[in-house]
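Subject: Structure for you to look at

Hi,

Here is the structure I promised to pass on. Please open it alongside the notes below.

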Amino acid sequence: MSTKEKLIERFKSQPSDFTFDEVVTMLRKLGYTKNNKGKTSGSRVEFESDGDSLILHKPHPNNTMKGYQMKQILEYLNKHNKFNNNG
């Protein structure tokens, strides 16, 4: 199993300690590019791939993703078939 596949499987298990950095890495491995939305975006970060756009808020004060964020990302990626042939 590749590093990409391991990261995707870890994400799919919806762990409570998944970090924003891991989300960024996973989305890049799935073909997304990161866009910080400009200087006034605050904690908003946009990820784009093939005309699809996903906007996330960086968690704070720590780097650990919230459960609702993990669920929203999983639903989005499943809806857009991003896991097909990717793990």
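Where does Lys66 lie? Lys66 sits in the loop between strand S3 (52–57) and helix H3 (67–79). Please keep in mind that this is a predicted model.

**Helices H1 and H2**

Next, the helix pair. H1 covers residues 3–12 and H2 covers residues 20–29. Their axes come within 10 Å and cross at roughly 125°. That angle lies between 115 and 145 degrees, so H1 is oblique to H2. The crossing of H1 past H2 is left-handed.

Which residues meet there? From H1 they are Lys4, Leu7, Ile8, Arg10 and Phe11. From H2 they are Glu22, Thr25, Met26 and Lys29. Sorted by class, this contact holds 4 nonpolar, 1 polar and 4 charged residues.

**Two residues with positive phi**

Gln14 is in the loop between H1 and H2. Its phi is near 55°, a positive value in a residue that is not glycine. Is Gln14 buried, partly exposed or exposed? Gln14 is partly exposed, because its relative accessibility of 27% lies between 20% and 50%.

Asp50 is in the loop between S2 and S3. Asp50 is not a glycine, yet its phi is positive, at about 50°. Asp50 counts as exposed, because its relative accessibility of 74% is over 50%.

**Glu46 in strand S2**

Last, a residue in a strand. Glu46 is part of S2, which runs over residues 44–49. Why does Glu46 count as buried? The reason is its relative accessible area of 9%, which is under 20%. The Glu46 side chain also has a partner: a polar contact of 2.4 Å joins it to the side chain of Ser53.

Best wishes

Terms used:
Residues numbered from 1 in each chain as written. Predicted model: local features only at pLDDT ≥ 70, side-chain atom pairs only at ≥ 80, totals over all residues. Heavy atoms only, no water. Helix = DSSP H or I, 4+ residues; strand = E, 2+ residues; numbered from the N terminus. Buried < 20%, exposed > 50% of the residue type's maximum accessible area, 1.4 Å probe, protein only. Polar contact = N/O pair within 3.5 Å; in protein donor to acceptor, adjacent residues only side chain to side chain. Axes fitted to C-alpha atoms, helices over the stretch in contact; angles between N-to-C directions. Parallel < 35°, antiparallel > 145°, perpendicular 65-115°, else oblique. Left-handed = near helix turned anticlockwise from the far one by under 90°. Contact = heavy atoms within 4.5 Å. Nonpolar A, V, L, I, M, F, W, Y, C, P; charged D, E, K, R; others polar.
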